[in-house]
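Here is a friendly tour of a protein chain. Have a look at the sequence and the model, and then we can walk through them together.

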Amino acid sequence: MNFDVIDTVVPVLEEYGALTRDALLQHLPKGEPKDFLYDPIADYPQRGGKMMRSSLCIATACVFGAKPEDVVAAAAGIEMVHNALLIHDDIEDESEERRGKPTLHALHGVPIALNAGDALAMFSLRPIIENALALRPLRILQIIEDMERMARESAEGQAFELGWRSNAASRPTRDQYLEMVLKKTCWLAAIFPCRVGARLAPQGRNIPPDAFIRFGFFFGAAFQIHDDVLNLTCDPAYGKEGCGDLWEGKWTLMLIDVAAQLRPQDQLRLSRFLSQTRAERSEEDVAWLLDKMCETRAIEKARMFAHGLAGAALQEFDQIFGDMPDTRDKTFIRNLITWTFQRNH
C-alpha cells in the first residue's frame, strides 16, 4: 500500500468543505439570544475542521449520479451533528482545546455549551429532511431511520467509553474496543454519510445499505486508531490537547496492549492512575505511561493494525464502487482511505 501524499484528497475536501460550511451557516438561526446561543453554536463550524464526513457524503452521491448541489444541505446537517457531538465530547472528556482554540465549555461554561450542543444537534434535522423532500416518502423515512440509528449507535459507543473510564477496574478487550469504535466513530464518520449520499443519488438505491457498514467500519476504525496514535505524538498541528487520551484515562488499543504486559508492580501503578480524576493525575504518571507504550511498541503495533484495517477498507471499496465509472469523486473516496495516514491532525 502506497502511503505517499495523495494530491487528489485535499482539493476535494477544500471544495466540498467550503460548500458545506456555507450551507451550514445558512441553516443556523440568527438573532437573539446571540451571545448565549447562536454565537456559541456557530463557533466550532467556523473553526474549520477536515470536513471529511460531509465530503464523503457528497462524493458518494456524485459517484452514483447526483450533483454536489443535490446533497449539500444533507452534508451540512451531518456536519452539524458532528460539531454538536464534539461539544458534548469535550465536556465529557474535560478537554481544554479543540481545533487549536479553547473548547466551547472553557469559553462559555458547561451550561451554555451543553445547550448549544443540544440545539445544534436538533437543528441538523432540518437541512437533512429538506434535502430529502424531493424523494419518495419511503426514501425520506429510510434517511430518518438511518439518522436515528446513527444517533443510537453513537450514544452507545460513547456510553461504553465513559463506562470504562468511570470504573477503574475495567479492562476492555481489543474486540470490545473495536465494537466501541464501530459505534462511536464509524457510524458518524463514514457509514451514515455514505448511506445518506447513496440514498440521495439516482443510482444509489441499487446498493444494499449494509454494504456501507463493512466499508465504514474498516475505514472509520483505521481513522480512529491513527487519531489515537496522533494524540500521543503531541504535534502542534494536531489541534487538540497532546496526550489528552492519557490525561483522560481513555482506553485505546495502546493502553489495552500495555495493560496486558505490565508487571504486577506496574499494574498497581496503572490501577491507581485510572482511579484518579483528571485533575489528580500527574505529568510524571502520564510520561511513565507513554514511555511504557514506547517500550512495548504498543504505538507501532497500533499503527500497523490500522494499516491492515485500511487494506480491508480498500477491498470493501472495490465491492461497492468498483463497477462505477472512474471519476474524481470515486478516486477521492478510494484515496481518502490512505490519506488517513498522511494527516497530522
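This is a predicted model: local features need pLDDT of at least 70, side-chain atom pairs count only at pLDDT 80 or more; totals for chains, interfaces and linings use all residues.

Residues are numbered from 1 along each chain as its sequence is written, and side-chain values use heavy atoms, with hydrogens and water left out.

## Overall fold

The chain has 16 helices and two strands; these are DSSP runs numbered from the N terminus, with helices (H or I) of at least four residues and strands (E) of at least two. Its radius of gyration is 20 Å, close to the 20 Å from the globule rule for 345 residues, so the chain is as compact as a globular protein of that length. That radius is taken over C-alpha atoms, and the rule is 2.2 Å times the number of residues to the power 0.38. Along the principal axes, the C-alpha atoms fill a box of roughly 65 × 50 × 35 Å.

Of the contacts (heavy atoms within 4.5 Å) between residues at least 6 apart in sequence, 77% join residues at least 24 apart.

## The nonpolar core

Of the 345 residues, 56% count as buried, meaning under 20% relative accessible area with a 1.4 Å probe, protein chains only. The largest nonpolar core has 111 residues, among which F64, L289, M293 and I333 touch the most other members. Such a core is a set of buried Ala, Val, Leu, Ile, Met, Phe, Trp, Tyr and Cys residues joined through side-chain atoms within 4.5 Å.

Helix α9 (residues 174-199) supplies the largest share of this core, 14 residues. Leaving aside residues up to four places away in sequence, M293 touches L232, L246, M254, L255, V258, A298 and I299.

## Backbone details

The peptide bond from E32 to P33 is cis, with omega near 0°. P33 sits in the loop between α1 (9-27) and α2 (34-46).

M51 belongs to the loop between α2 and α3 (52-63) and is buried, with a relative accessible area of 7%. R99 lies in the loop between β1 (97-98) and β2 (101-102).

How values were computed. Buried means under 20% relative accessible area, exposed over 50%, partly exposed in between (1.4 Å probe, protein chains only).
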